[in-house]
Amino acid sequence: MNKKLPMRKCIGCQESKAKKDLVRVVKPKEGDIFIDPTGKSNGRGAYICRSLDCLKKARKSRGLERSFKTSISEEVYDALEKEMIGLES
């Protein structure tokens, strides 16, 4: 029997993809939003493709703000962009 692959929707391009192909961004109860490479950190999670294009789309469409129901500063996006560049290389 085939095991079902968990699917998640990218907040940038709005496409459903396998969870393992996406990066999880986490907002814990206290503290800053960060990229969760393990996918297991506590907190509210949102998923995004491993590409700067999707991060730019999410930034433009305010996808993270909607997911986390809070305003997100430019510094957070800049930090995510730096982490994303590290993941791409």
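A residue counts as buried under 20% relative accessible area, as exposed over 50%, and as partly exposed in between, with a 1.4 Å probe and protein chains only. This is a predicted model, in which local features need pLDDT of at least 70, side-chain atom pairs count only at pLDDT 80 or more, and totals for chains, interfaces and linings use all residues. Residues are numbered from 1 along each chain as its sequence is written, and side-chain values use heavy atoms, with hydrogens and water left out.

Helices (H or I, at least four residues) and strands (E, at least two) are DSSP runs, numbered from the N terminus. Helix H1 covers residues 52-61, and its buried residues are Leu52, Cys54, Leu55 and Ala58. Seen down the helix axis, these buried residues lie within an arc of 160 degrees, so they line one face of H1; the arc is that of the directions from the helix axis to the C-beta atoms. An α-helix has 3.6 residues a turn, so residues three or four places apart point the same way. Asp53 and Lys60, on the other side of H1, are exposed.

Within H1, Cys54 counts as buried because its relative accessibility is 6%. Apart from neighbours within four places in sequence, Cys54 is in contact (heavy atoms within 4.5 Å) with Cys10, Gly12, Cys13, Ile48 and Cys49. Gln14 is 40 residues from Cys54 in sequence, yet their C-alpha atoms are 9.1 Å apart.

Next comes the sheet. It is open, with 3 strands in the order E4-E3-E5 and antiparallel pairing; two strands pair if DSSP finds at least two bridges between them. Strands E4 (34-36) and E5 (44-49) are the edge strands, each pairing on one side only. From one strand to the next the twist averages 40 degrees, where axes are lines fitted to C-alpha atoms and angles run from 0 to 180 degrees between N-to-C directions. Strand E3 (residues 22-27) runs antiparallel to E5 and is joined to it by 6 bridges. Val26 stands opposite Gly45 in E5.

A nonpolar core is a set of buried Ala, Val, Leu, Ile, Met, Phe, Trp, Tyr and Cys residues joined through side-chain atoms within 4.5 Å. The largest has 23 residues, and those with the most contacts inside it are Cys10, Val25, Ile48, Leu64, Phe68, Ile72 and Leu80. At least two residues of this core come from each of E3, E5, H1, helix H2 (63-68) and helix H3 (74-88). Beyond four places in sequence, the contacts of Val25 include Ile35, Ile48, Leu64, Phe68 and Leu80.
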